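I opened this entry to record what I looked up, one place at a time. The sequence and the model come next.

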Amino acid sequence: MKLAGLKSVENAHDESVWAATWVPATDTRGALLLTGSLDETVKLWRSDELVPERTNTGHCLGVASVAAHPSGLIAASASLDSFVRVFDVDTNATIATLEAPPSEVWQLRFNPQGSTLAVAGGGSASIKLWDTATWDLVATLPIPRPEGPKPSDKSGSKKFVLSVAWSPDGKRLACGSMDGTISIFDVARGKFLHHLEGHFMPVRSLVYSPIEPRLLFSASDDTRVHMYDAEGKSLVGVMSGHASWVLSVDVSPDGAAIATGSSDTTVRLWDLSMRAAVQTMSNHTDLVWGVAFRPPGASGVRAGRLASVSDDKSISLYDYS
């Protein structure tokens with residue numbers, strides 16, 4: 001796999017762009033890129049041209065995370081204003097507004113079946129699960145502290161939950177915390193299973209392989225990307241190369257590569273068979289907060305796409321083959 005710069009949009013938002021994800025294609029339109037920004041807006045962009053389709057307002061503080069329902073029909077945004085806004089992608093109509101106490105709405109992800117929205121609970125050290133049929137809060141999964149204090153663990157604030165990811169079958173939920181631990185849950189039983197250890201700084205991004213369902217990738221401020229056997233509780237690979245915090249990670253649809261974004265301003269492509277970075281893209285001039293591979297399945301679309309977003313207010317789109 002090789003990346004080629006396709007298009008960049010400067011000043012895509014008025015402030016830092018903190019989040020990006022792809023909205024899957026539907027029967028009536030192609031995939032869209034969804035971005036969230038410190039400027040309090042969420043924007044939808046046409047897949048290949050990066051032409052803005054619409055701008056969504058409704059938050060009164062920066063948007064920290066965005067998520068798309070697997071149907072491609074609805075999406076959600078989480079803001080520092082402590083609200084999650086769920087909206088219709090094509091009409092922008094608000095479907096639900098979910099409220100949580102301050103600092104308890106961070107990263108959010110729909111499960112693969114589309115039945116549940118998981119929200120990383122920030123300072124509450126928990127994951128909240130919302131039923132997408134009723135928008136009722138159906139479960140709160142508290143994250144237990146790892147056994148034995150860590151040298152850096154001086155206060156409860158270290159339990160702040162930053163990131164969340166669903167396994168491909170929707171049976172497991174992983175979440176990353178400020179103290180570097182990753183917690184794995186059995187969702188159906190609402191049961192904590194185990195911690196994955198190895199990081200000692202915040203874990204800001206997590207993603208499961210779509211091909212190897214036990215394989216979990218994590219991005220951390222310790223500048224490393226880890227590969228875990230999430231069921232076997234084992235660290236199976238460590239990839240280093242970034243010069244600063246790794247803020248985001250995503251895995252390609254074929255499971256052969258991952259992309260990362262870092263505060264060193266670069267996007268890196270990693271070959272998983274080599275467990276090494278094979279390409280570094282320097283399109284951005286500031287922290288890269290989000291990287292996202294476009295999902296497969298759009299009719300007539302053959303080329304792969306990767307998007308990245310940054311504190312420099314820009315979006316970059318890459319072609320890969």
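**Loops, a patch and a sheet**

I began with Phe200, which sits in the loop between strand 17 (191–196) and strand 18 (203–208). Strands here are DSSP runs of E with at least two residues, and helices are runs of H or I with at least four, numbered from the N terminus. The model is predicted, so I note that local features need pLDDT of at least 70, side-chain atom pairs count only at pLDDT 80 or more, and totals for chains, interfaces and linings use all residues. Residues are numbered from 1 along each chain as its sequence is written, and side-chain values use heavy atoms, with hydrogens and water left out.

Is Phe200 buried or exposed? I found Phe200 exposed, at a relative accessible area of 58%. The cut-offs are under 20% for buried, over 50% for exposed, and partly exposed in between (1.4 Å probe, protein chains only).

I then looked at the surface patch. Phe200, Met201 and Trp245 make up a nonpolar patch with about 310 Å² of accessible area together. Patch residues have over 30% relative accessible area and no salt bridge; like charges are joined within 9 Å, nonpolar side chains (Val, Leu, Ile, Met, Phe, Trp, Tyr) within 5 Å. A salt bridge is a side-chain nitrogen of Lys or Arg within 4 Å of a carboxyl oxygen of Asp or Glu. Areas come from the Shrake-Rupley method with a 1.4 Å probe; for residues, only the protein chains shown count as cover.

Next I checked two residues with positive phi. Asn92 lies in the loop between strand 8 (83–88) and strand 9 (94–99), and its phi is near 70 degrees. Asn92 is partly exposed at 21% relative accessibility. Ala125 has a phi of about 50 degrees, and its loop runs between strand 11 (116–120) and strand 12 (126–131). Ala125 is buried at 7%.

Last, I followed an open sheet of four strands, ordered 1-28-27-26 with antiparallel pairing. Two strands pair if DSSP finds at least two bridges between them.

Strand 28 (residues 315–320) pairs with strand 1 over six bridges, and Ala4 is opposite Asp319. Six bridges also join strand 28 to strand 27 (residues 304–310), where Ser308 faces Ser316. Strands 27 and 28 form a hairpin with four residues between them, and Lys313 in the turn has a positive phi of about 75 degrees. Five of the six residues of strand 28 are buried, so this strand is largely enclosed by the rest of the structure.
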